[in-house]
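Open the model in your viewer and keep the sequence panel beside it. The stops below say what to select next and what is there.

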Amino acid sequence: MRYLMLVCVDPDDTGQPEGAPDIEEWVSEMDQKGLRVLGSRTRPASDATTVRVRDGRVLLTDGPYAEARDVIGGFDILDCADLDEAIEVAAKHPMAWAGVIELRPFWPFEEKEEGKEEGEQP
Amino acid sequence: MIRFTGGDWDLAEECAQDAFMQALRTWPESGVPDQPLAWLTTTARRKAIDRIRRAAREAAKLAEVAAATASRVAPAAQDGEAPDGAVLGGAVQDGEAPDGEAPDGAVQGGAVQGGAVQGGAVQESEVRDGEIPDERLELIFACCHPALALEAQVALTLRCLGGLSTAEIARAFLVPERTMGQRLFRAKQRIRHAGIALRVPPPHLLPERLPAVLYVLILIFDKGTAQAPEAIRLARLLVELMPDEPEALGLLALMLLHDARRATRLDAAGDLVLLADQDRSRWDHDGIAEGAGLCERALRHGRAGPFQLQAAIAACHATAPSAAETDWPQIAGLYGHLARVDPGEIVALNRAVAVSMTDGPAAALRLVDAIDRLDGYHLLHAVRADLLRRLDRHEEAAKSYRTALRLAPTEAERRFLSGRLAGTGH
């Protein structure tokens with residue numbers, strides 16, 4: 001199962017707490033295990049560009065989509081057996097120690113539509 | 001399961017997961033089978049056979065198709081597709097069991113990522129071999145996954161493994177049945193969408209699941225007389241499993257202390273008997289001694305949690321020689337402590353009752369009137385009515401008794417409240 005791992009940093013972050021894992025080691029471990037498909041640190045929110053198309057016109061804004069205290073500092077795509085494994089991978093990432101990591105499951109296009117399968121919508 | 005799938009850990013795990021999902025879907029309607037783990041094993045084997053056959057069919061197909069499609073992942077078996085029993089056994093004899101040599105990418109793709117999880121799977125089988133000494137308790141731990149909110153863990157587990165109806169769970173959480181139905185639906189959906197695996201956790205991950213397990217067990221206990229012995233059995237096993245967890249000790253103590261007074265709660269006519277009027281000679285004094293002892297043992301750890309404090313309060317009541325000799329200041333103090341570690345409306349209400357015995361009904365009434373969000377709870381109105389009655393405000397008491405009467409869920413409670421209402425003369 002694939003997960004988008006959003007690595008969010010706290011802008012007021014004062015640095016890595018003691019005992020936090022090393023990012024290079026994390027990358028090589030997860031690559032070696034085949035759990036990390038792809039990933040990168042990203043430029044800060046101030047370098048972001050938001051794109052909208054409204055009435056057929058492309059509207060651009062410089063800056064991030066949402067004002068938030070914790071902003072995305074990078075991402076990884078994980079390929080894990082289940083959430084437990086993804087949590088294990090995320091918890092070993094240094095930014096889990098100083099910022100926040102969000103795991104978003106990929107939308108499963110191969111599966112049947114929700115609800116039809118279960119037939120128990122409340 | 002691993003032996004059954006010819007050593008294919010991934011297949012074994014996935015099928016176990018499928019079986020679990022089917023249990024989540026069907027047990028609430030059909031009831032929990034007598035041997036849940038045996039049921040899960042059988043179901044998982046059927047799922048495995050299903051997948052093996054599908055993989056074989058797919059392999060044949062894929063061989064014909066271009067290599068580009070070979071990397072596609074085999075679609076997950078849908079719930080409810082388990083083949084019937086007739087298929088069981090056939091696949092293995094036919095020599096269709098997978099041996100990890102399936103030629104197509106569908107199976108191999110899974111195996112690549114699986115390499116890293118094998119360690120975990122081995123551990124899991126060791127847990128199954130006896131770390132948790134009971135199948136049902138194992139399944140309860142498996143169901144209480146920390147990626148679900150605590151309430152969702154508890155509600156889902158009660159529904160699937162605790163034998164409680166959605167209405168009963170809704171009552172326990174003081175929410176409308178419809179709300180609880182939606183929460184249960186969302187929890188099941190989240191399990192599927194987020195890829196949450198319901199499996200028995202390795203020993204080092206048991207403590208983080210304990211809070212939900214404790215609530216599950218106490219709510220099974222609270223369901224009624226028929227479920228209480230099973231809940232006590234499970235709590236004893238939990239104490240055996242985690243002897244140094246004071247809250248597990250507190251839970252067992254609380255159950256034993258409540259259970260010891262069970263025979264005297266209703267009279268011969270089935271009417272409610274208040275604690276103060278119960279015949280204390282008919283209490284189970286061995287049970288009380290055991291419960292009080294466990295409670296002391298728990299509190300010696302110096303980490304008093306909600307279950308230990310509730311057990312301590314129950315012990316105060318159960319060990320008082322008579323109602324008049326009840327140590328109310330101690331009980332009020334314990335409720336104060338409980339309100340700090342586990343703030344909530346129910347605790348606040350119980351605390352008010354204790355305060356009414358130490359500081360009088362007027363002080364207690366002020367506490368009751370400060371409670372928010374409990375308007376649909378019959379006991380709030382019953383307590384309020386009782387306090388008003390003791391303050392000789394009979395007309396207001398009658399009004400609160402009527403509200404309580406309207407909300408009370410059991411016949412015994414309604415009869416009790418009717419009697420009290422008649423006593424007000426209004």
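**Chain B as a whole**

Select chain B: it has 20 helices and 0 strands. Helices here are DSSP runs of H or I with at least four residues, strands are runs of E with at least two, and both are numbered from the N terminus. This is a predicted model, in which local features need pLDDT of at least 70 and side-chain atom pairs count only at pLDDT 80 or more, while totals for chains, interfaces and linings use all residues. Residues are numbered from 1 along each chain as its sequence is written, and chains are lettered from A and ligands numbered from 1 in the order in which they are written.

Of the 426 residues of chain B, 40% count as buried. Buried means 20 or more other C-beta atoms within 10 Å of the residue's own, exposed means 12 or fewer, and partly exposed is in between, with C-beta atoms placed from the backbone. Now take the contacts in chain B between residues at least 6 apart in sequence: 64% of them join residues at least 24 apart. A contact requires C-beta atoms, placed from the backbone, within 7 Å of each other.

Select residues 135-143 of chain B, helix α6, where 7 of the 9 residues are buried. Leu137(B), Glu138(B), Leu139(B), Ile140(B), Phe141(B), Ala142(B) and Cys143(B) are the buried ones.

Axes are lines fitted to C-alpha atoms, for helices over the stretch in contact, and angles run from 0 to 180 degrees between N-to-C directions. From α6(B), Arg136(B), Leu139(B), Ile140(B) and Cys143(B) make the contact, and from α7(B), Leu156(B), Thr157(B), Cys160(B) and Leu161(B). By class these are 6 nonpolar, 1 polar and 1 charged residues. Nonpolar covers Ala, Val, Leu, Ile, Met, Phe, Trp, Tyr, Cys and Pro, charged covers Asp, Glu, Lys and Arg, and polar covers the others, Gly among them.

**Helices α12 and α13 of chain B**

Move to α12(B), residues 246-259, and α13(B), residues 285-299, which pack at about 160° with axes 8 Å apart. The two helices are therefore roughly antiparallel, a label for angles over 145 degrees. Residues to display in α12(B) include Leu249(B), Leu252(B) and Leu256(B), and those they meet in α13(B) include Ile288(B), Leu294(B) and Cys295(B). The whole contact divides into 10 nonpolar, 3 polar and 3 charged residues.

**Two loops of chain B**

Thr225(B) lies in the loop between α10 (206-223) and α11 (228-241). Thr225(B) is exposed, with 11 other C-beta atoms within 10 Å. Draw a C-alpha to C-alpha distance from Thr225(B) to His378(B): the two are 21 Å apart in space and 153 residues apart in sequence.

Next, find Asp392(B) in the loop between α18 (378-390) and α19 (394-407). Asp392(B) is not a glycine, yet its phi is positive, about 60°. With 8 C-beta neighbours inside 10 Å, Asp392(B) counts as exposed.

**A hairpin in chain A**

Finish with strand β3 of chain A, residues 49-54, where the count of buried residues is 0. Arg54(A) has Arg57(A) in β4(A) as its bridge partner. Which residue takes a positive phi in the hairpin? Asp55(A) does, near 50°, and 2 residues lie between the strands. Asp55(A) counts as exposed, with 5 C-beta neighbours inside 10 Å.

Terms used
Angles under 35 degrees count as roughly parallel, over 145 as roughly antiparallel, 65 to 115 as roughly perpendicular and the rest as oblique. Two residues are in contact if their C-beta atoms, placed from the backbone, lie within 7 Å. Two strands pair if DSSP finds at least two bridges between them.
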